[in-house]
Amino acid sequence: MNTIFTLHSDGPGLYDMTPQVARWVAGSDAEEGLLTLFIRHTSASLLIQENADPDVRADLLTWLSRLAPLSDDPSMRWITHTTEGPDDMPAHIKAAHLPVSLQIPVVGGRLMLGTWQGIYLVEHRTRPHSRQVAALLQ
């Protein structure tokens with residue numbers, strides 16, 4: 001069973017997609033299986049992360065912006081890929097550090113996430129985007 005989730009972002013952030021994924025899995029009639037999620041983009045990522053304290057997400061975003069500032073930052077003058085704007089190559093660097101696919105066990109028709117875990121689209125670009133995440137439940 002497969003589907004494509006389309007998510008809209010408003011710039012850098014962690015966008016919780018757990019409810020959409022959980023509803024789809026619950027409606028699949030699959031009692032057991034393995035869910036694979038794959039983002040179909042090179043400037044965004046997927047992440048399983050804490051969903052209770054928003055400070056965790058804020059700290060992750062701060063770390064990512066320190067890891068790869070915009071390419072017009074003096075520390076990033078070595079970047080040559082700039083045709084798509086100062087946020088593009090840093091977005092690719094961030095995506096290279098985070099997963100582009102996730103695997104989550106499904107048991108009893110439910111995602112086997114931990115108590116404080118959520119599934120997030122991590123947007124690395126500064127402007128809004130529409131992102132696609134392919135899902136396969138086997």
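Which residue in β7 is the bridge partner of L46? This report on a predicted model answers that under the sheet heading.

## Sheet

The bridge partner of L46 in β7 is L121. The strands involved, β4 and β7, pair in the antiparallel sense. Seven bridges join them. In general, strands of a sheet pair through backbone hydrogen bonds, either parallel or antiparallel.

An open sheet of three strands runs in the order β2-β7-β4. Its pairing is antiparallel. The edges are taken by β2 (13-16) and β4. Each has a single partner strand, so one side of each lacks a neighbour in the sheet. From one strand to the next, the twist averages 35°.

## Helix on the sheet

Helix α2 spans residues 54-67 and packs on the sheet. Helix α2 touches β2, β4 and β7. Its direction makes about 140° with that of β4.

## Nonpolar cores

The largest nonpolar core has 22 residues. Those with the most contacts inside it are F5, V21, L35, L37, L111 and I119. Two or more residues come from each of β1 (2-9), α1 (18-26), β3 (32-39), β4 (44-50), β5 (101-107), β7 (117-123) and β8 (129-137).

What does V21 touch, leaving out residues up to four places away in sequence? The contacts of V21 are F5, L35, L37, L111 and I119.

A second core is separate and has six residues. Among them are L47, L64, Y120 and V122.

Note on methods:
Residues are numbered from 1 along each chain as its sequence is written. This is a predicted model: local features need pLDDT of at least 70, side-chain atom pairs count only at pLDDT 80 or more; totals for chains, interfaces and linings use all residues. Side-chain values use heavy atoms; hydrogens and water are left out. A nonpolar core is a set of buried Ala, Val, Leu, Ile, Met, Phe, Trp, Tyr and Cys residues joined through side-chain atoms within 4.5 Å. Buried means under 20% relative accessible area, exposed over 50%, partly exposed in between (1.4 Å probe, protein chains only). Helices (H or I, at least four residues) and strands (E, at least two) are DSSP runs, numbered from the N terminus. Contact means heavy atoms within 4.5 Å. Two strands pair if DSSP finds at least two bridges between them. Axes are lines fitted to C-alpha atoms, for helices over the stretch in contact, and angles run from 0 to 180 degrees between N-to-C directions.
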